Each structure stands twice: as structure tokens, then as C-alpha cells.
Amino acid sequence: MTLYAYVDGPLGEMLLAGEEAADGRTALASLSLPGQKGGAVVRDGWRHAPGAFTGVAAQLRAYFTGGLTRFDLVYADSGTDFQRRVWRALEDVPYGTTVTYGEIAARVGAPGVGVRAVGTAIGRNPLLVVRPCHRVIGADGALRGYAGGLERKERLLGLEGALVR
């Protein structure tokens with residue numbers, strides 16, 4: 001059964017969705033922002049369970065106030081093998097830094113024409129903010145593609161002190 005809760009934050013009311021993990025924590029399946037392209041929506045049969053996301057909410061608050069630079073969460077398994085490789089590479093991008101789509105492509109063994117596939121995989125990241133796809137920028141240093149909107153990407157990078165100007 002999918003559990004869900006809403007958490008307020010500086011990017012708007014975030015929808016958290018997940019499932020109970022084997023260790024008793026909630027495995028986060030999705031973190032969606034208001035108006036997000038491809039964001040999750042509550043479905044029939046989902047159970048509203050704010051208490052299941054207490055730890056996630058606490059880490060999000062700490063991140064948004066500058067007290068957390070890396071999330072320690074359980075994630076629900078989703079995506080293709082390639083998407084999971086790309087998403088793991090995103091998780092390795094340090095707080096306060098940026099990388100290019102080409103750099104991620106090289107890290108996952110898909111340089112050159114694989115950059116477009118990497119961009120598609122990043123665009124399908126269901127865990128905005130906590131899996132830091134906002135840290136990926138264009139080769140020219142421009143902010144490109146963010147499902148939550150470029151103004152939110154800019155805000156997250158500003159929070160981390162990583163704005164490229």
C-alpha cells in the first residue's frame with residue numbers, strides 16, 4: 001500500500017509518497033512539488049500517513065535551513081537499470097557543487113550521444129530535492145531542465161551556494 005503525506009517547505013507543499021520498508025522505516029518513492037511536470041498525484045487506495053514520513057520531513061527541514069548536506073533515507077526501488085545508474089550518480093554529486101549532463105554521462109559509461117539519455121533519466125527522477133538532480137547544469141553553465149521549474153532549481157542551488165553566474 002502506498003502511504004503519503006504533505007510537507008510544507010520553501011518550494012511549496014511537497015507530496016511525499018512511499019511504502020513501508022523491511023526495517024520499519026518508510027521507503028520514499030516520490031517527492032513531488034506543486035505543478036511539477038510528471039509529479040505524483042494521490043490515487044485511490046493511498047493512505048494518508050503523516051507519521052510515516054516524520055524522519056523524511058525532519059531531514060527536509062534541516063536541508064532547507066542549511067543544517068543538512070546529504071540525505072540519509074530509504075528509497076523505494078523504481079526505474080530501469082540505466083535510470084538507477086544515473087540516479088546513483090546524482091546522489092554522489094556533493095552539496096554545493098554542480099556537474100554537467102556530460103559529466104554524469106561519462107560517470108555512468110554513456111559519454112557522447114548518451115548525454116541525451118542521461119537527460120531523460122534525470123528528468124524522470126521521482127525524488128526531487130533529495131536526489132539532487134538540481135545540481136546538474138548545461139555544459140555552458142546554464143540552468144537547464146528541472147521538472148519542478150527552473151526558478152526552483154535556481155533557488156536550491158542558491159541555498160547550497162552553488163549558483164553559477
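Four strands make up an open sheet, in the order β3-β2-β1-β4, and the pairing is mixed. The edge strands are β3 and β4, the latter being residues 47-48, and each of these pairs on one side only. Before I go on, please keep in mind that this is a predicted model.

Now the pairings, one by one. β1 and β2 pair in the antiparallel sense, over 5 bridges. In that pairing, Ala 5 stands opposite Leu 16 in β2. The two strands form a hairpin with 6 residues between them. Gly 12 sits in the turn and has a positive phi of about 110°.

On to β4. With this strand, β1 pairs in the parallel sense, over 2 bridges. Leu 3 has Arg 47 in β4 as its bridge partner, and Tyr 4 stands opposite His 48 in β4. As a reminder of the general rule, strands of a sheet pair through backbone hydrogen bonds, either parallel or antiparallel.

Is β1 mostly covered or mostly open? It is mostly covered, with 4 of its 5 residues buried.

Next, the helix that goes with this sheet. α1 lies across β1, β2 and β3, and runs at about 140° to β2. The background to that is simple: an α-helix has 3.6 residues a turn, so residues three or four places apart point the same way.

One residue from elsewhere in the chain. Thr 100 is in strand β5, residues 99-100. Its relative accessibility is 18%, and the cut-off for buried is under 20%, so Thr 100 counts as buried. Setting aside neighbours within four places in sequence, Thr 100 is in contact with Val 136, Ile 137, Gly 138 and Ala 139. Gly 141 is 41 residues from Thr 100 in sequence, and the C-alpha to C-alpha distance between the two is 7.9 Å.

Finally, the chain as a whole. Its secondary structure comes to 5 helices and 6 strands. From the N terminus on, the elements run β-β-β-β-α-α-β-α-α-β-α. Of the 165 residues, 45% are buried. Among contacts with a separation of 6 or more, 56% are between residues 24 or more positions apart.

As for dimensions, a compact globule of 165 residues would have a radius of gyration near 15 Å, and the chain agrees with that, at 15 Å. The C-alpha atoms fill a box of roughly 45 × 35 × 30 Å along the principal axes. The accessible surface is about 8,200 Å², and 50% of that belongs to carbon and sulfur atoms.

Definitions and conventions:
Residues numbered from 1 in each chain as written. Predicted model: local features only at pLDDT ≥ 70, side-chain atom pairs only at ≥ 80, totals over all residues. Heavy atoms only, no water. Pairing = 2+ DSSP bridges. Contact = heavy atoms within 4.5 Å. Axes fitted to C-alpha atoms, helices over the stretch in contact; angles between N-to-C directions. Rg over C-alpha atoms; globule rule 2.2 N^0.38 Å. Buried < 20%, exposed > 50% of the residue type's maximum accessible area, 1.4 Å probe, protein only. Areas by Shrake-Rupley, 256 points an atom, 1.4 Å probe, with all protein chains shown as cover.
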